[in-house]
2 protein chains.
Amino acid sequence: MPRVAVIIPAAGSSTRFGGPIKKPFLSLDGKPIWLRTLDLFAKRPETAKVYLVLHPEEIENFRLQYGALLMLAYDNIELVPGGAERFESVANALANVPEDVELVAVHDAVRCLTTASLITEVLQAAITHGAAMAAIPVADTLKRVEPTSNTITETVPRANLWQAQTPQVFERAALVEAYAQRAKLNIPITDDAQLLEALGQKVVVVPGSPLNFKITTPDDFRLAELLLQPPAPPPVKSRRPFDD
Amino acid sequence: MPRVAVIIPAAGSSTRFGGPIKKPFLSLDGKPIWLRTLDLFAKRPETAKVYLVLHPEEIENFRLQYGALLMLAYDNIELVPGGAERFESVANALANVPEDVELVAVHDAVRCLTTASLITEVLQAAITHGAAMAAIPVADTLKRVEPTSNTITETVPRANLWQAQTPQVFERAALVEAYAQRAKLNIPITDDAQLLEALGQKVVVVPGSPLNFKITTPDDFRLAELLLQPPAPPPVKSRRPFDD
């Protein structure tokens, strides 16, 4: 397996439902979400370094709170000050990735339930095809809605549509080149794969899972808590088809 | 509240992941999925009747297994033989709805986690606007994928896109008229709302929830099982930021 640099952007400013704590820093079953995400990658043998991108105004406090512990438990974590947009954050981290690293993986800080096998599959697809990302086929009918009246204007064919997830994995050199070209592309870019697509590069999708979701709403947080519970002991079987 | 007829299409032939039991008939935490869905509506005061649409070849066995119990526990359930397509199933049920019923709600048999408050909100929006449905804004970037190579061909703007859910609620007369016009519309129709949209009628979306999902994969089934567990007792609080 080639060496992989992992970029985890966590500099975004969205807090949980208006609360004081930003979502990646919420504690989920006793462990912060960002740390769960970091642990998906930090101990993998192919991981050269994990770049955790934080808001510049928060990086000092973060170091005070977690710096010593991170140094004790890991030897391959680098904190990077982020930018106002996700792309600046990825670009800042990318600038620190050494040239002897072959692949760069970008993963959402609030997507901490990703399985090790999905990460392996996306890495292997990136080795084969140059660029790959996790995604799931759209399962529901899609409606375009006029936002002021909430009225449906159109049913959008969902054939061959997939919902993007992460990880997204790229050859380092190709991602660096794409970021260098970014200013010339006069289109809004919502993820790193789109940058390569816009430059005509091949990006393949690897089937992810609905359980590989971003924690962005209270319902998501509750689901994540439930998924982290140990499985309940099997119930005593009984026939009770009409019980509640 | 006007009187409401509820149509639950459960005649589809998809089985669970190749197993012998069709998804609506799987037992979820001791109770069949179709019955959980039926119970969302059957006891509501505005519900005139629930039309449960079953595969014609299965209706006799279903009656043998559940008929007596359904008669004992409910007084407003009608079993309807369905068609090969969902639309035939809805049309068959719709033909049995009496004219003094003002609203018709259609709800997926495998969407059994819908909350009572969401059902109320969709009904009220249908009273106000004539037609309404539950839906959630698309949260992820969408990719169009070439299916033989799994290569991304396009990033699709997700602005103002919503994922359709159910219930979908319509004025009975408008839905009957839409079904009568259906043959003239030479387009593939994936849900009932689309039929009214195609005829230029207003349909509004009501924000649903990611927890109002269809049970279509093993992961969905597991999530539903978890959501039906009673909440765990609050854990003893301790500071263990680095525990697993």
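How many salt bridges are there between chain B and chain A? The count is 6, a salt bridge being a side-chain nitrogen of Lys or Arg within 4 Å of a carboxyl oxygen of Asp or Glu. One of them joins the side chains of B:K143 and A:D191, at 2.8 Å from N to O.

A word on the ground rules. This is a predicted model, where local features need pLDDT of at least 70, side-chain atom pairs count only at pLDDT 80 or more, and totals for chains, interfaces and linings use all residues. Residues are numbered from 1 along each chain as its sequence is written, chains are lettered from A and ligands numbered from 1 in the order in which they are written, and side-chain values use heavy atoms, with hydrogens and water left out.

Now the interface itself. Chain B puts 55 residues into the contact and chain A puts in 57, with contact meaning heavy atoms within 4.5 Å. About 5100 Å² is buried between the two chains, 56% of it from carbon and sulfur atoms; buried area here is the accessible area (1.4 Å probe) that two parts lose on being put together, summed over both.

B:K143 also turns up in the strand pairing: it sits in strand 8 of chain B, opposite A:W162. Strand 8 of chain B runs antiparallel to strand 10 of chain A (residues 161–171), and 3 bridges join them. Strands are DSSP runs (E, at least two residues), numbered from the N terminus, and two of them pair if DSSP finds at least two bridges between them.

Key:
Helices (H or I, at least four residues) and strands (E, at least two) are DSSP runs, numbered from the N terminus.
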